[in-house]
Amino acid sequence: MQTQLVPDTISHDDFKTYRTCYDLDKKRLPDKLESLSELRYTDVPEAVAQRKKDGEAFLEKTEVQSLVEWKLKIGTYRPSLAKLVASNSVEEVRKTTSAAFSLMTDDPNPAKAISTLSKLKGIGPATASLLLSCYDPISIPFFSDELFRWLHWRTDVSGNNKKRKSKGVKDDGNANRKIGYTAKEYASIFEKTTSLRERLSKEAEEPVTAVDIEKAAYMISKSVQEDKSNGNDDTDKTVETKALYPPSPKRRKKKS
C-alpha cells in the first residue's frame, strides 16, 4: 500500500477520491444487494432517527435481519448466523436495541452498547457495531474487515511494515491478517476512526463521518487487493488512476 494511503498520512483529497468511488461503484451491484445497501445506509438510519425524535430509538426485527443479510452478502455467507438472528423475538429485538441506544445518550463510547446488543442471539461485536452505526452513523464505525485492516495498516517512510499497538491490538502491514471480531479489536477501531475523523474534518473544514471512513476503507482495501492479485506494484499508480477503476465487490473467503 502506498504510504500516502495509510490512515496516518492520507490527505482529505485522496480520502475523498476513494469515498466518492464507493458511491460510483454501487452501480455495479446486483439489484438485491443495491436494495439492501439502500436499507443499510439510508432507510434504516432514517427510521431510527425518526423514532429517536418521537421519544424512543430502536430497531425492528425485520430491520436487523435485513442488516445481517447485507453484512453476509458483502462478506462470507453463513446461513447459521441468519437463522440465529431470526430466532430472536420481535420484543427481544426492540427491547435490546432500545436499551443499547439509550446507553449511547449518556456515554459516547459504544463499549456498553456493544455488550448489550451482543445478548441477542447471533449478534457479536461486529454485527452489534453495524446496528449501532445505524443509530449514529456520524461517530460509530461498522466493524468491517476492510476497515479493521486499513486502520491497523502501518508502514515506515521506506515502505517497510511497522508494527505498533493500539488498545492492545497490533498494527502491521498484513493485508490478510486474521481478525478475531472481538470487543477489544472494536475498541481499537473506534479509537482510530474517531482520531481520523477529527483530523480529516479539521483539514477539510467539513464533517467526515464514520460511514465515510468505512466506505473509503472498503475502496482502498479492494484496490490494494486487486493490484496484488494482478501482480501489479501499487506504488507505480497514482491515487487518481487507481480510483478511476475501482474493483467490483467480490465474495471473501475469510470469516466475517
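Asp 31 lies in helix H2, which covers residues 31-54; helices here are DSSP runs of H or I with at least four residues, strands are E runs of at least two, and both are numbered from the N terminus. This is a predicted model, in which local features need pLDDT of at least 70, side-chain atom pairs count only at pLDDT 80 or more, and totals for chains, interfaces and linings use all residues. Residues are numbered from 1 along each chain as its sequence is written, and side-chain values use heavy atoms, with hydrogens and water left out.

**Overall make-up**
- The protein has 11 helices and 2 strands, in the order α-α-α-α-α-α-α-α-β-β-α-α-α along the sequence.
- Of its 256 residues, 52% count as buried (buried is under 20% relative accessible area, exposed over 50%, partly exposed in between, with a 1.4 Å probe and protein chains only).
- Contacts (heavy atoms within 4.5 Å) between residues at least 6 apart in sequence join residues at least 24 apart in 68% of cases.

**Salt bridges**
- The structure holds 11 salt bridges, each a side-chain nitrogen of Lys or Arg within 4 Å of a carboxyl oxygen of Asp or Glu.
- Arg 40 pairs with Glu 214 in a salt bridge, with the closest N and O atoms 2.9 Å apart. Arg 40 is in helix H2 and Glu 214 in helix H10 (residues 210-229), so the pair ties together parts that are 174 residues apart in sequence. Both Arg 40 and Glu 214 are buried.
- Arg 51 forms a salt bridge with Glu 63, with the closest N and O atoms 2.8 Å apart. Arg 51 belongs to helix H2 and Glu 63 to helix H3 (residues 61-74), so this pair ties together parts that are 12 residues apart in sequence. Arg 51 and Glu 63 are both buried.
- Glu 60 and Arg 94 meet through their side chains in a salt bridge of 2.8 Å, N to O. Glu 60 sits in the loop between H2 and H3 and Arg 94 in helix H5 (residues 90-106), so parts that are 34 residues apart in sequence are tied together. Glu 60 counts as buried because its relative accessibility is 18%, whereas Arg 94, at 35%, is partly exposed.

**Two single residues**
- Asp 31 counts as exposed because its relative accessibility is 66%.
- Ser 201 is found in helix H9 (residues 183-204) and is buried, with a relative accessible area of 19%. Not counting residues up to four places away in sequence, Ser 201 touches Glu 206, Pro 207 and Val 208.
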